[in-house]
Amino acid sequence: MKIRVKVNGRWYESDVEPRTLLAYWLREDLKLTGTHIGCDTTSCGACTVLLDGKAVKSCTVLAVQANGREVMTVEGLERNGQLHPLQSAFWECHALQCGYCTPGMLMASYALLQENPNPTEEEIREGLSGNICRCTGYMNIVKAVQTAARKMSGESQEALEEVAANGASAD
Amino acid sequence: MSEVLKPQFTGARVTRLEDARLLRGQARYVDDFEYPGTLEVAFLRSNRAAARIQSVDVTEALAVPGVKAVWTFADCPITLPDRPFQVGQPVLARDEVRFVGEPVAAVIADSRYRAEDAVEKIRVQYEPLPAVVDSRAALADQPRRVHEHRPNRFLHKTHVTDGFNEAFQSAPHHLELTFRWNRQTGVTMETRGCLALPDPVSGRLTVYAGHQSPHGLRGMLARLLKLPEHQVRVVVPEVGGGFGIKAMFYPEYVVVAEAARRLGRPVKWIGDRMESLLADAHARDAIHEVAVAYDDEGRILAVRDHVIGDTGAYAFPGFPGAVGEANWATEMLTGPYKIPHVSIEIECVFSNKAPLGPYRGVGGPIGAQVQEAIVDAVARALGKDPVEVRRANLIGPEDFPYHTPTGKVYDPGSYGESLERALALVDYERFRKDQEQWRAQGRYVGLGLCVFVEPSAMAESEAGSIPYEAVTLRMEPSGVVTAAVGTGPTGQGHETTFAQLIADQLGIDVKDVVVLHGDTDSAPFGGGTGGSRSGTIGGGAAIRAGQALRRKLTQLAAHLLEAAEEDIRLEAGKAFVAGVPARSITIRDLARTAYTDVARLPEGMQPGLEVVARYQPPGAATYSNGTHLAVVEVDVETGFVKVLDYVVVNDCGVLVNPMIVEGQIHGGVAQGIGSALLEELRYDENGQLTTTSLMDYLLPTAEDVPRMRVEHIQTPSASEGGIKGMGEGSLIAAPGAIAAAVSDALAPFGVFVTELPIRPQQIVAWVQAAKTEAQAG
Ligand code: FES
Ligand code: FES
């Protein structure tokens with residue numbers, strides 16, 4: 001089957017077997033191996049990506065279901081060589097050890113912060129409860145998401161101020 | 001000789017050098033490597049615990065398009081080493097299957113899908129045999145022997161201290177407890193897998209695998225494939241967690257490597273989660289029958305422990321799991337307590353379950369839980385506070401070096417201090433008052449303690465019996481240092497910690513040290529990672545290598561600056577004369593000179609800057625310690641346990657990177673919560689594993705693990721740098737602390753936890769029984 005999917009801002013066309021799962025299509029056809037596989041039962045979240053902005057477990061979505069839609073993977077987080085605030089917060093807070101769960105955690109956290117830019121610790125824990133990390137005990141992951149939330153709201157604050165300042169000078 | 005005055009990086013929270021690639025999704029794990037023409041393997045695994053194989057028909061499987069070969073034992077007649085118990089696992093089952101999940105046949109095809117399709121088409125005729133699943137029955141060879149030529153009980157040993165009987169019998173009080181730990185496993189988020197690449201030109205075989213001991217894997221592959229060791233190159237790329245299970249040698253690796261060699265094509269196998277739960281090394285699965293003798297003060301005078309360990313169908317080469325579990329648990333049975341007498345009996349049996357191997361902490365979690373439960377049981381029997389009984393039994397600072405009744409020698413630690421600090425962090429006295437009130441309101445909150453001792457950097461561990469590590473250091477003409485190490489990190493951050501140690505020796509930036517590991521072509525021979533040995537032994541080697549290179553840089557600088565060697569300092573990328581910072585030369589210039597301006601070298605100095613150092617610590621082990629304190633609330637209606645607070649006071653000697661140490665602790669506590677409350681591999685009476693997915697084998701999520709508070713005490717070891725190992729202590733201590741907290745919460749119902757994990761239904765049943773009894777009474 002022919003599909004056309006926008007992945008990390010770029011359209012890809014591909015001929016896939018109907019049984020191909022999105023996770024495998026990303027990894028094998030697009031060589032985007034940042035998306036990992038950790039189970040076969042939608043239990044671990046290692047494969048989490050965004051589909052039209054919503055976090056999905058790409059091991060349970062068929063590639064054909066993504067036809068005409070937009071996917072974002074861990075490889076799409078960086079902007080102009082700059083790490084996304086979530087990536088830098090994970091780094092600063094030591095929120096990863098073996099790194100295997102990390103791409104899924106980042107994408108789940110991304111979706112979480114889109115929906116709730118200022119989550120409480122409980123909301124973060126609940127929001128990430130579908131993503132398993134065997135190394136970190138989640139402590140620093142929670143911290144990283146909180147840190148990123150602050151960074152992101154700080155940045156948009158700055159952006160707002162910048163807009164305000166520019167607006168003033170244009171007057 | 002110049003000294004490192006202020007270490008700039010050692011002890012600092014240096015963010016990790018490995019993270020950039022991991023955060024960008026650019027890190028490459030085994031499955032991320034792609035070579036043209038790669039064939040994939042799928043295994044047909046036994047669905048019986050015990051059966052004779054009457055026939056295997058592969059005709060239909062061979063007819064599936066894309067299938068290159070279908071192998072049974074006859075096609076790949078290799079058996080894993082059978083020492084020391086005369087039982088070796090054939091890489092594909094031979095005549096008989098002995099556990100559910102045992103590989104029976106392998107399909108090699110041009111894609112995993114095709115290989116899996118073909119697996120479905122293999123027809124095996126089994127003649128069922130009674131399965132051995134109960135370890136007590138197994139002891140008496142009931143219902144049968146797992147291996148006809150061997151009794152099920154393959155190991156029996158005892159250790160009794162002189163005077164045990166007298167001490168035990170003359171004690172005023174006694175109690176008995178039977179502990180049971182069910183089967184668990186490490187569950188790395190990345191499953192096991194490997195990729196083998198033949199090189200027809202050189203005849204060499206390159207094997208990519210997520211493994212904790214690159215050289216160990218190379219040695220075993222070479223031996224079994226009958227290749228000279230240099231003809232096998234093992235490359236361990238990024239590894240998604242190890243926790244002991246990836247230190248073992250598995251049959252699948254042999255089949256994949258042999259297939260690559262014989263078919264002349266790259267061959268890959270990546271296990272799925274079901275395969276991982278079926279056939280990764282299992283752990284725990286032991287019974288401890290304990291008897292304790294103690295006095296009126298709660299001083300424990302003697303402990304008897306009879307262990308029955310179930311190792312499954314085969315013993316992993318070099319590490320029969322049940323023996324490892326039982327040895328560690330009993331050798332460390334007295335933990336931080338001054339218990340003079342022990343009597344230990346260990347019996348290990350074969351059964352029709354998956355082979356037992358290492359999982360983080362090995363027998364440590366069991367030993368620690370037993371040791372703490374003993375103290376708590378004594379306190380309860382005497383109506384004393386458990387803290388008071390701990391204080392009465394703890395080894396004090398004046399007791400070091402402390403000789404345990406099991407022949408271990410503890411180097412200094414902070415047993416009492418860590419306990420007192422943990423109690424202060426939660427305000428223990430106040431907690432006890434609150435607890436009373438909560439109980440009056442029908443809230444069952446309990447506090448559990450585990451004062452643990454963690455042996456680390458042992459001469460022998462699951463990583464093998466290599467008591468040293470090696471580091472090759474090369475400063476390039478650019479001044480950047482490449483360090484090659486023989487350890488096998490699986491997320492512990494060796495690229496950062498070793499760089500910190502080396503950078504401090506050389507006075508350069510931590511980012512100018514690149515640590516290479518995992519490739520046997522570049523790494524010096526080493527034991528790998530396991531038994532919490534990398535920090536102490538590998539770290540020691542890194543320091544020694546740094547020192548050796550520093551000596552040469554110092555000599556060269558002294559010569560060029562016309563100063564005495566003892567006046568030379570290396571700091572901030574420069575060599576300078578102490579007190580005269582202006583008389584300096586950059587390390588980069590020194591490096592360039594050493595390679596390209598050799599006429600300026602002092603007489604007799606070899607050009608270049610390259611050293612190898614090997615390090616073996618002075619003792620047989622160094623002992624970390626600490627205290628875990630858990631506060632839990634038990635919902636007696638649902639049996640649900642919530643961890644409300646968790647405190648760790650940890651002492652692993654000199655901290656190289658507190659951030660990384662804390663990360664290890666957090667992760668170990670999470671695994672400990674899983675061990676105590678969630679994780680159980682369940683076999684039914686026919687030997688079928690009923691927990692073959694992560695929906696049945698439950699791992700702790702972010703909602704199960706609480707926020708933790710971690711503090712450090714630093715009692716240095718005698719090893720280079722004063723470092724002690726710490727990779728396992730948190731999983732050693734956490735299950736015992738959680739179990740103790742549940743016992744404490746449910747004390748009003750007379751509950752005392754002796755079986756892990758604690759199931760919610762069990763809690764409900766205990767509470768119901770107590771209530772019924774109270775009504776009847
Ligand atoms: S791989 Fe998708 S949830 Fe585990
Ligand atoms: S960092 Fe290893 S699983 Fe999360």
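Trainee: Which domains is chain B divided into?

Mentor: Keep in mind that this is a predicted model. Chain B has domain 1 (19-27 + 468-615), domain 2 (33-129 + 190-240 + 245-279) and domain 3 (282-460 + 619-776).

Trainee: OK, and what separates the centres of domain 1 and domain 3 of chain B?

Mentor: Taken over C-alpha atoms, those two centres are 40 Å apart. The two domains do touch: 18 residues from domain 1 of chain B and 20 residues from domain 3 of chain B take part in the contact.

Trainee: Which helices supply the domain 1 side?

Mentor: α14 (494-506) and α15 (534-561) of chain B each bring at least two residues to the side that touches domain 3 of chain B. α15(B) gives the most, with seven residues.

Trainee: What's that side like by class?

Mentor: On the side of domain 1 of chain B that touches domain 3 of chain B, there are four nonpolar, twelve polar and two charged residues.

Trainee: Switching to the two chains, how many residues does each put into their contact?

Mentor: Chain A puts in 40 residues and chain B 42 residues. On the chain A side, α2 (85-92), α3 (102-115), α4 (121-127) and α5 (139-170) each supply at least two residues. α2(A) gives the most there, with four residues.

Trainee: And by class?

Mentor: The side of chain A that touches chain B has 18 nonpolar, 15 polar and seven charged residues.

Trainee: What about the largest nonpolar core, which residues have the most contacts inside it?

Mentor: V41(B), V107(B) and I502(B) do, in a core of 301 residues. Helix α18 (residues 729-745) of chain B contributes the largest share of this core, eleven residues.

Trainee: What does V41(B) touch?

Mentor: Setting aside neighbours within four places in sequence, V41(B) contacts a list of residues that includes V107(B), I108(B), V255(B), V267(B) and W269(B).

Trainee: I also clicked on A279(B). Is that one buried or exposed?

Mentor: A279(B) is buried, because 25 other C-beta atoms lie within 10 Å, and the cut-off for buried is 20 or more. A279(B) sits in helix α8 (residues 273-279) of chain B. Not counting residues up to four places away in sequence, A279(B) touches G101(B) and A354(B).

Trainee: Let's look at the end of domain 3. How many residues does α19(B) have?

Mentor: Helix α19 (residues 760-776) of chain B has 17 residues, and from its first C-alpha to its last it reaches 24 Å, close to the 24 Å expected at 1.5 Å a residue.

Trainee: Which of its residues are buried?

Mentor: In α19(B), the buried ones are I763(B), W766(B) and V767(B). They cover an arc of only 90° around the axis, so they are on the same side of α19(B).

Trainee: Why would spaced-out positions point the same way?

Mentor: An α-helix has 3.6 residues a turn, so residues three or four places apart point the same way.

Trainee: So what's on the other side of α19(B), and what do the buried residues pack against?

Mentor: Exposed residues on the other side of α19(B) include Q761(B), A765(B) and T772(B). The buried residues of α19(B) pack against β26 (622-634) of chain B.

Trainee: Last one: what are the buried residues of α11(B)?

Mentor: In helix α11 (residues 386-393) of chain B, they are P386(B), V389(B), R390(B) and N393(B). Their arc around the axis is only 105°, which puts them on the same side of α11(B). Among the elements covering them are β14 (300-310) and α10 (364-382) of chain B.

Key
Residues are numbered from 1 along each chain as its sequence is written. Chains are lettered from A and ligands numbered from 1 in the order in which they are written. This is a predicted model: local features need pLDDT of at least 70, side-chain atom pairs count only at pLDDT 80 or more; totals for chains, interfaces and linings use all residues. Two residues are in contact if their C-beta atoms, placed from the backbone, lie within 7 Å. Ala, Val, Leu, Ile, Met, Phe, Trp, Tyr, Cys and Pro count as nonpolar, Asp, Glu, Lys and Arg as charged, and the others, Gly among them, as polar. Domain bounds come from an automatic or database domain assignment. A residue is buried if 20 or more other C-beta atoms lie within 10 Å of its own, exposed if 12 or fewer, and partly exposed in between; C-beta atoms are placed from the backbone. A nonpolar core is a set of buried Ala, Val, Leu, Ile, Met, Phe, Trp, Tyr and Cys residues joined through C-beta atoms within 7 Å. The arc is that of the directions from the helix axis to the C-beta atoms. The expected span of a helix is 1.5 Å times one less than its number of residues.
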